[in-house]
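Thanks for coming, everyone. Please bring the structure up on your screens, and we will walk through it together.

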Amino acid sequence: MTRLLAALALALATSTAAAQPMRYPVIPIQYEHLPNGLKVVLAPDSSASLVMIGVYYAIGQRTEPVGREGFAHLFEHLMFEGSTNLPPGALIRLIESNGGTFNGNTRFDFTDYFEITPPAALERMLWAEADRMRGLVVDDAALGRQKAIVKSEIRLSYVNQPDGGFPWLDVPQVANRNWQNAHDFRGRPDEIDSATLADARAFHSAYYVPNNAVLVVSGAFRVSEAQAWIDKYFSEIPRGDVVRRPDVTEPPQTAERRGVRIDSLAKRPVLAVAFHMPPRHTRAFWATVLIDQLLIQGEDSWLAPDAVFGGTNLQGNFYNYEGPMLWTIAARYRSLDQTDTIVRSIQDALARLRKQPVDSTALRVARQKAHSAYYDILDNLGGFGRLDLLASFALFDDDPAEINRIEASLDEVTAADIQAAARDYLAPKQATIYVRRPA
Amino acid sequence: MCLLVPALVVAQRRPSVAVTLLPFGASPKALVRVALTMDDDCGWRPVLAHAFERAGRPFADSLAHMGGAFAVTTRPGRIDLTADVLSPFAPAAIAILAGVVRSRYSDLGAEPAVPPSNLDSTAAATFQDALFPVTQSGSCSGGPPAIGPQATRVIIVGRFETPLVQQAIITAFAHWLSLGTAVPRTAHDPVGPSLTFVHRAGAKQVALVVGAPTPGPADSDFARLRVMNTVLGGGVFSRITRNIREAKGYAYAPASVLVTAPSGTTYWTETADVAANVAEPALSEIIAEITRLGAAAPDTTEVSGAERYLVGRSLFDLSTRLGQADAAELGITTRDSPPSTGEDVRRVAHTYLAPQRLTIVVVGDTLALGPQLAAMRKAVSTFLAPE
């Protein structure tokens, strides 16, 4: 009986008739640049009961200055310590006592700050974000406090954990050659300790300026009210100097790269096989989104028997980065002598993609899954994912409406695109193989 | 205070599977959940969960094709079978989950016990065992507790075709016969404080859990307990978090929660992962904050801020398909509660987090902790008999 039901379910899941595509509604977007350079995206959502406010600065862990490993992350913490009208602790108290949830994140190409609150708190949140964009007011005590918290985060989340930071933190250091992409994003405790108040103020002046930022309001709000408040609180913030993005390009990879690290806390090995992603907005890029689904996402993926996991931009997703990125296949396994078998299994799956086009059923299922994964991204944190993509496309492409073209791009991928992407970007010489093993 | 929950479409299908259909959100996905009320004193819940996981494996490919995955989760008093699939596949997912639920007895018995693998899960499991000890009496000899329609709720959240989904539920569950009535269980009367150390050789950090059973949502003190939890450890601006994260840097993400089972069984916990060298001071500070709140009423600003935070947090929790399903399963309804006063908050902290009610679990390398072990015992005993 179970076998019969399973067979019926599988037939249904792969049939063309069953899944008449339903799509995400077009997201209404109002987009403008304030005279001081601040990009503003307004995306009301009539189905939402909360409003989300996000401020994204185009300074991330990859673009932090040379010699300042981990500083972008430390600075993210400092932004909660105090501004002109908000002494230490006041911002968090303001958000929570207005029913809000908040966070900040340091990612490859940006640092974000967001609040998710009842609609009545929107003006207060905009005022607070403008206050900390206008100026940071911190002292040595605040800096010391946040240094301790950041070092505690590093210790508790990475140093003291088996497999801590694997693979998102380790693999870029082996696969990349440009320091911007290959340094230790979390930073070393001694470098974190060396940061001074002058450094912090200089960092704010250089990067936390309106012409290096995007403000997004998404969810339950009135556009006219939001526009008036944004004009009131943000438009007078002075434009900063032009922010020059460092060169983050990677030289082409012409031979396989390998790396090994001993993990004294680990009980079993882990491995990663990584490839450089095709450039964004290309057919090869969209084909790789589907290849990810075919090979490693879900119990039906080709490499599921090897218990693999991974994806692209392991601190985010396919859509919220700019510049070089890795597509990573990772696996946890029992003993080191299985390493070559697992690597061979991965290479065989990629060779199969290169050898012939996938059949129409595999293509349809991969596309189905890619759409589903995209909806999960949008729905993350009750719709915060939607804000995150709007901010990313505004920040990187000056075009938040790109979000409304993603599903069409997924639908346009052909079997030939997949074969070409595997051939051009996923060849053995383009692989980085990294093993982290117990002592 | 008012908990806002969208209107529920609720129906009863013979022979009494409860059904909740919740149109929700913009994404063309539907979360399908079969929720089983599963209070038992005999430790069957994890065994049954593993049986369900095994019964679901033949369908893993199909559900993945549908844009979802099969998940079995166990929480206090419940087992949930969930698949979050693309909308057109909601009826098929209902049929699959129904098949899994109804097949589980045929695959029971050889399920291995899977021990917790990391410090946090070990601490949580140890805490659960201490708070809800498994009965060793003859009452456990009769096999697993009954699972049947009367202990089952089918919940669909998202975008879906209502007639198709209703028909799928009727087809899948209409002929499911009752197997008996599950017996609710409750936490034992706490005698404590109970302090349990679990040794994990080589662990560089320590997982701390401090908690106690509390009244559930049906009790008039529950709303006050939620405010108390927010003041004490539930928000980033809470007292324990400000103390051991912001002021002292002992922990990165300490947090407290109130956990409720469908039966109403409820407990409060504060959890914190800390470096081994500060385990004792971190535990002492947690206990000190509990003591302070039980001794002196917080001011109006702190209490009203916590209440506003809870309103927003409730909306946030309901902003996902998963959150909507949880709310439907636990029967959260729109209801007004009178505002809490500072004295209310002090009283519930003093009453329900009294020393003799606390269960404390410390997981780490107890050999490396050395003198901290004695200091922790002393801190707890001092708490029990304050000067």
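Start with chain B. Five of its strands form an open sheet, in the order 7-11-8-10-9, and the pairing is mixed. Look at the edges. They are strand 7, residues 194–199, and strand 9, residues 255–260, of chain B; each pairs on one side only. On average, neighbouring strands of this sheet are turned by 20 degrees against each other, ignoring direction. Keep in mind that this is a predicted model.

Now take one pair from that sheet. Strand 9 of chain B runs antiparallel to strand 10, residues 266–275, of chain B, and six bridges join the two. Which residue is the bridge partner of B:Ala255 in strand 10 of chain B? Click on B:Thr271; that is the partner.

Next, the helix on this sheet. Helix 4 of chain B, residues 119–131, packs on it. The helix touches strand 7, strand 8 (205–214), strand 10 and strand 11 (359–364) of chain B. With the direction of strand 11 of chain B, the direction of helix 4 makes about 150 degrees.

Chain B is assigned domain 1, residues 9–173, and domain 2, residues 194–384. How many residues of the two domains are in contact? In domain 1 of chain B there are 26, and they meet 28 residues of domain 2 of chain B. On the domain 1 side, these elements of chain B give two or more residues: strand 2 (17–23), strand 3 (29–37), strand 5 (78–86), helix 4 and strand 6 (152–158). Helix 4 of chain B gives the largest share of that side, nine residues. By type, the domain 1 side divides into 13 nonpolar, seven polar and six charged residues.

Over to chain A. Here we have an open sheet of six strands, ordered 1-2-6-3-5-4, again a sheet with mixed pairing.

Two pairs are worth a look. Strand 3 (residues 51–57) and strand 5 (residues 111–117) of chain A run antiparallel, joined by seven bridges. Within strand 5 of chain A, A:Asp112 is the bridge partner of A:Tyr56. Strand 5 of chain A also pairs with strand 4 of chain A, in the antiparallel sense, over six bridges. There, A:Thr106 has A:Thr111 of strand 5 as its bridge partner. A hairpin of four residues takes the chain from strand 4 to strand 5 of chain A. Across these two strands lies helix 2 of chain A, residues 71–78, running at about 160 degrees to strand 4 of chain A.

Last stop: one residue. A:Leu303 sits in the loop between helix 11 (283–295) and strand 9 (308–312) of chain A. Is A:Leu303 buried or exposed? A:Leu303 has 21 C-beta neighbours inside 10 Å, so it counts as buried. Leaving out residues up to four places away in sequence, A:Leu303 touches several others, including A:Leu295, A:Val308, A:Ile329 and A:Ala349. A:Leu303 and A:Phe393 are 90 residues apart in sequence and 32 Å apart in space, C-alpha to C-alpha.

Notes. Residues are numbered from 1 along each chain as its sequence is written. Chains are lettered from A and ligands numbered from 1 in the order in which they are written. This is a predicted model: local features need pLDDT of at least 70, side-chain atom pairs count only at pLDDT 80 or more; totals for chains, interfaces and linings use all residues. Two strands pair if DSSP finds at least two bridges between them. Axes are lines fitted to C-alpha atoms, for helices over the stretch in contact, and angles run from 0 to 180 degrees between N-to-C directions. Two residues are in contact if their C-beta atoms, placed from the backbone, lie within 7 Å. A residue is buried if 20 or more other C-beta atoms lie within 10 Å of its own, exposed if 12 or fewer, and partly exposed in between; C-beta atoms are placed from the backbone. Domain bounds come from an automatic or database domain assignment. Ala, Val, Leu, Ile, Met, Phe, Trp, Tyr, Cys and Pro count as nonpolar, Asp, Glu, Lys and Arg as charged, and the others, Gly among them, as polar.
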